[in-house]
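Subject: Structure handover

Dear colleague,

I am passing this structure on to you, and I would be glad if you could look through it before reading my notes.

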Amino acid sequence: MTDQEYGDGTRAVRAGLPEPVKYEPTLPGPVFAAHFHLPGEPTGPYTYGRDENPTWTHLERAIGELEAPGEEGVETLVFASGMAAISAVLFSQLKAGDAVVLPTDGYQALPLLHEQLRAYGVEVRTAPTGGDAQLSVLDGAGLLWIETPSNPGLDVCDVRRLVREAHAAGALVAVDNTLATPLGQRPLALGADFSVASDTKGMTGHGDVLLGHVSCRDPRRAAEVRRWRKIVGAIPGPMEAWLAHRSLATLQLRIDRQCSTALALARTLAERADVTGLRYPGLPDDPSHAVAARQMRRFGPVVSFELADRERAERFLEGLRLVDDATSFGGVRSTAERRGRWGGDAVAEGFIRFSVGAEDPEDLIADVLRALDEAGKTD
Ligand SMILES: Cc1ncc(COP(=O)(O)O)c(C=O)c1O
């Protein structure tokens, strides 16, 4: 059996592990080192802690095995956060005079990047995620950035189609794969040049680590991203990298549980008259479903919906007992938030982004139904 033929669970538990060494642990502990013994010529693999670290190496191999199973030559670089990974691709690949296409409905810190890119002389064009609207602004662009499914609206774009058109137009394609994780979607297999993610979310899944990564097939591009990491120094601590690697072992267990409960929750919410605007790419009648089903292997832990207004949404969140009112998503403990409270997304006041955790589905759904009923009572 080759790597490529293993199931996701097998791959996840073994990802990035070194060859067994007698008396050594299966996953070596974090290496805390700012510098390494380095007599003579200063050549790698380990010279200085901002450039490389053995704990990153294990994690980078692990993520690479999940992003591109069985494929040699894909390079993965870990970063201090998802934003560090995103910025590394954008700022290492674009220069003054280039044009980039970014989503209008992506992660809410993207507009800050628009401003920064413009300040550096990069032309920023925008397009919504759904309906492959990016096609109309591709001409002459150097990079197309897509986030699919988008956070928080859960729209989906056709990665294969966009890659085909972007490459024909001479543009690179980067996919923010945070919501899906590599078990849900493999952007490199869909043709993208970069798969980028905030591993703060589902990849690490416990809400206790900030981390990001970039995976890339082209060694020259990878070297540019690596150089950017060295310049900016947005590197993960060894402890965070090790925790992330440990968490990857349960990735398939967590994601499968989260996705099946998310679908059950979405189906339950679809029956409620007090819930509108329900979105979950795994629901067969969701506007994203047809495209999502062609390119995703799992539909993710996030369900979005609207309640009548801000007050009702706040009462709902207060009424939940098993769900933390907190931002972020993809963790083993369910979280939900009224997304409009941040002011950065074009969402209704009663819009809820709900991230399904690993609780027993019956308990979680009962909690949601009770909180919805209670939130409706005082109206
Ligand atoms: C889709 C997406 N990309 C990137 C990020 C940024 O990641 P981080 O918070 O790890 O910097 C987030 C954070 O919520 C996100 O949701």
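Predicted model: local features only at pLDDT ≥ 70, side-chain atom pairs only at ≥ 80, totals over all residues.

I begin with the cores. The largest nonpolar core is made up of 49 residues, and those with the most contacts inside it are Leu-269, Val-303, Phe-305, Phe-316, Leu-320, Ile-352 and Phe-354. At least two residues of this core are supplied by each of several helices and strands, including α2 (54-67), α7 (238-248), β9 (302-306) and β12 (351-355), while its largest share, 7 residues, is contributed by α8. Because domain 1 (3-248) and domain 2 (252-375) both give residues to this core, it lies between them. Another core, of 28 residues, lies apart from it and has Ala-85, Ala-88, Leu-110 and Leu-143 among its members.

The ligand comes next. There are 14 residues around the ligand, of which Met-83, Asp-176, Ser-198, Thr-200 and Lys-201 come nearest; sorted by class, this shell holds 5 nonpolar, 6 polar and 3 charged residues. Helix α3 (residues 82-93) gives the most to the shell, with 3 residues. Taken alone, the ligand would expose 390 Å², and the protein buries 92% of that.

Two single residues remain. Is Gln-258 buried or exposed? Its relative accessibility is 1%, so Gln-258 counts as buried, the limit being under 20%. The side chain of Gln-258 reaches the backbone oxygen of Val-356 at 3.1 Å.

Phe-36, by contrast, is found in a loop, the one between α1 (8-14) and α2. With a relative accessible area of 16%, Phe-36 is buried as well, because this value falls under the 20% limit. Phe-36 and Thr-47 stand 11 residues apart in sequence, and their C-alpha atoms are 5.4 Å apart in space.

With kind regards

How values were computed:
Residues numbered from 1 in each chain as written. Heavy atoms only, no water. Core = buried A, V, L, I, M, F, W, Y, C linked by side-chain atoms within 4.5 Å. Buried < 20%, exposed > 50% of the residue type's maximum accessible area, 1.4 Å probe, protein only. Helix = DSSP H or I, 4+ residues; strand = E, 2+ residues; numbered from the N terminus. Domains from an automatic or database assignment. Near = heavy atom within 4 Å. Areas by Shrake-Rupley, 256 points an atom, 1.4 Å probe, with all protein chains shown as cover. Nonpolar A, V, L, I, M, F, W, Y, C, P; charged D, E, K, R; others polar. Polar contact = N/O pair within 3.5 Å; in protein donor to acceptor, adjacent residues only side chain to side chain.
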